[in-house]
Amino acid sequence: MSDTGTPPVKPLEHYWQSVNGVALLLLPLSWLFSLLAWLRRLAYRHGLFETVRLPVPVIVVGNITVGGAGKTPLVIWLVEFCRALGLRPGVIARGYGAAPGQWPRRVDGASDPAGSGDEPLLIARRTGVPVWVDPDRPRAARALLAAQKCDILISDDGMQHYALGRDLEIAVSDAARGLGNGWRLPAGPLREAPSRLESVDLRVSNGPARPGEHT
């Protein structure tokens, strides 16, 4: 109870973990979201929207749910793994939380998190590799490759950013939350259908692994 005697308002995420009245009310919007997402992916698949292929391999680390799932630690691990193989990796990201302004932006250890976003700054500080952010992932990738010598790119998030061609997809899930009630936004936490996980190259669980996943 709040000080006024009325129950506190629960965040929408609270209703994504079960089938309940609020989720049911939002279900028609989820159907619309699903239709638009399907049409968008179909447009990329058939060449109506451009998918940019880069001159270096691209690994996309993402998920099909909203919210954190542990992607950034995996990106950092992949950077170190690639460097151990003698590769020169770079990282691109959306820059969530960054203030609007000129894109793309280079991120280094001295960058202001208000201009880069917290996670890209963490990656830059932990790894020291080139990191560029831009809501337009291909534009970030081109800027990075034009400015610095890299022979492999890792995209922090971006599974649904089909404008960026990719050579390997890694889907990360949070074992504690799973897929929630299994419904799409806004009635559930899913950006895409659970069947999308069948098309990725590798599934990683942040916590105890389920069948088909790695921890």
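1. The expected span of a helix is taken here as 1.5 Å times one less than its number of residues, with helices (H or I, at least four residues) and strands (E, at least two) being DSSP runs numbered from the N terminus. For helix α2 (residues 71–84), whose 14 residues should span 20 Å, the end C-alpha atoms are 20 Å apart, which agrees. The helix is followed by G86, whose phi is positive, near 90°.

2. The structure is a predicted model, in which local features need pLDDT of at least 70 and side-chain atom pairs count only at pLDDT 80 or more, while totals for chains, interfaces and linings use all residues. Residues are numbered from 1 along each chain as its sequence is written, and side-chain values use heavy atoms, with hydrogens and water left out.

3. Leaving aside residues up to four places away in sequence, R196 touches R41, I64, M159, Y162, R166 and E169. Its side chain makes polar contacts (a pair of N or O atoms within 3.5 Å; within protein, one must be able to donate a hydrogen and the other to accept it, and residues adjacent in sequence count only if both atoms are side-chain atoms) with the side chains of Y162, at 2.9 Å, and S199, at 2.7 Å.

4. Nine salt bridges (a side-chain nitrogen of Lys or Arg within 4 Å of a carboxyl oxygen of Asp or Glu) are found in a search of the whole structure. One of them joins D157 and R191, with the closest N and O atoms 3.3 Å apart; D157 lies in the loop between β5 and β6 and R191 in the loop between β6 and β7, so the pair ties together parts that are 34 residues apart in sequence. Both of these residues are buried.

5. The bridge between D134 and R139 has its closest N and O atoms 2.6 Å apart. D134 is buried, at 0% relative accessible area, whereas R139, at 38%, counts as partly exposed.

Methods. Contact = heavy atoms within 4.5 Å. Buried < 20%, exposed > 50% of the residue type's maximum accessible area, 1.4 Å probe, protein only.
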